[in-house]
Amino acid sequence: MSSAIDELLANAAPQQRRFNGPATFGRSKHVVIVTCMDARIDPVRIFGLREGEAYVLRNGGGLVTQDVLRSLVLSQRRLGTREVLLMHHTKCGVGGLDEPALQAEIAAETGRTPQYTFGAFGEVDDAVRAAIATVKGHEFLPHRDRVRGFVYDVDTGGVREVIA
Ligand code: ZN
């Protein structure tokens, strides 16, 4: 039985034949995008990016976790980024997640509970504001003056800014 990974691998060789070499650091816009892993979100298409122009950090919910902060510090201190674009989205699975139910399901199956939370949130604008506050409050980041938050609408393709 063919898997999705097998299908992706079948595309890799023809894609490589169209490869024009690595993008240069000189093309960087010195921006990091933090967003959800949701497959409907394509930051390259949404923002008209070319390879090499932006760093993209993704996880379930587009949350500013300790690991996202770690990567932001690395990107600012070693890769020259200066701006942070935080983008949540409508109809996010993490937004409507019943976290206690998921924790209980895992505990029932394994006898243990995860060491992490899944980050369920309510109002998306509030989640964006919390993400902005977390980044702006992280003192290891040298550049915190250009941190902005947005909501991507998966139905319209539009991007709306959330004013902190
Ligand atoms: Zn999501």
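Reader: Which residue in strand 5 stands opposite Val151?

Author: Val151 stands opposite Arg160 in strand 5. Strands here are DSSP runs of E with at least two residues, and helices are runs of H or I with at least four, both numbered from the N terminus. This is a predicted model, in which local features need pLDDT of at least 70 and side-chain atom pairs count only at pLDDT 80 or more, while totals for chains, interfaces and linings use all residues. Residues are numbered from 1 along each chain as its sequence is written, and side-chain values use heavy atoms, with hydrogens and water left out.

Reader: How many bridges join strand 4 to strand 5, and do they run parallel or antiparallel?

Author: Four bridges join them, and the two strands run antiparallel. Strands count as paired if DSSP finds at least two bridges between them. Strand 4 and strand 5 form a hairpin with six residues between them, and Gly157 in the turn has a positive phi of about 80 degrees.

Reader: Where is Asp155 found?

Author: Asp155 is in the loop between strand 4 (147-152) and strand 5 (159-162). Its relative accessibility is 55%, so Asp155 counts as exposed. The cut-offs are under 20% relative accessible area for buried, over 50% for exposed and partly exposed in between, with a 1.4 Å probe and protein chains only.

Reader: Which side chain does the side chain of Asp155 contact?

Author: The side chain of Asp155 makes a polar contact with that of Lys91, at 2.8 Å. Such a contact is a pair of N or O atoms within 3.5 Å; within protein, one must be able to donate a hydrogen and the other to accept it, and residues adjacent in sequence count only if both atoms are side-chain atoms.

Reader: Turning to the metal, what are the protein donors of the zinc ion?

Author: They are Cys36 (SG), His89 (NE2) and Cys92 (SG), lying 2.0 to 2.3 Å from the zinc ion. Donors are N, O and S atoms within 2.8 Å of the metal (3.2 Å for Na, K and Ca); water is not among the atoms, so sites may look incomplete. Along the chain, the donors follow the spacing C-x52-H-x2-C. Cys36 in strand 1 (residues 31-36) and Cys92 in the loop between strand 3 (83-89) and helix 4 (99-110) are 56 residues apart, so the pair links distant parts of the chain.

Reader: Are those two cysteines buried or exposed?

Author: Cys36 counts as buried because its relative accessibility is 4%. Cys92 is buried too, with a relative accessible area of 11%.

Reader: How is strand 1 paired with strand 2?

Author: Strand 1 and strand 2 (residues 54-59) pair in the parallel sense over six bridges, and Thr35 has Arg58 in strand 2 as its bridge partner. Strand 1 also runs parallel to strand 3, joined by five bridges; there, Val31 is partnered by Glu83. Six of the six residues of strand 1 are buried.

Reader: And the chain overall, how many helices and strands are there?

Author: The protein chain has five helices and five strands. Read along the sequence, they follow the pattern α-β-α-β-α-β-α-α-β-β. Of the 164 residues, 35% count as buried. The C-alpha atoms fill a box of roughly 50 × 50 × 35 Å, taken along the principal axes.
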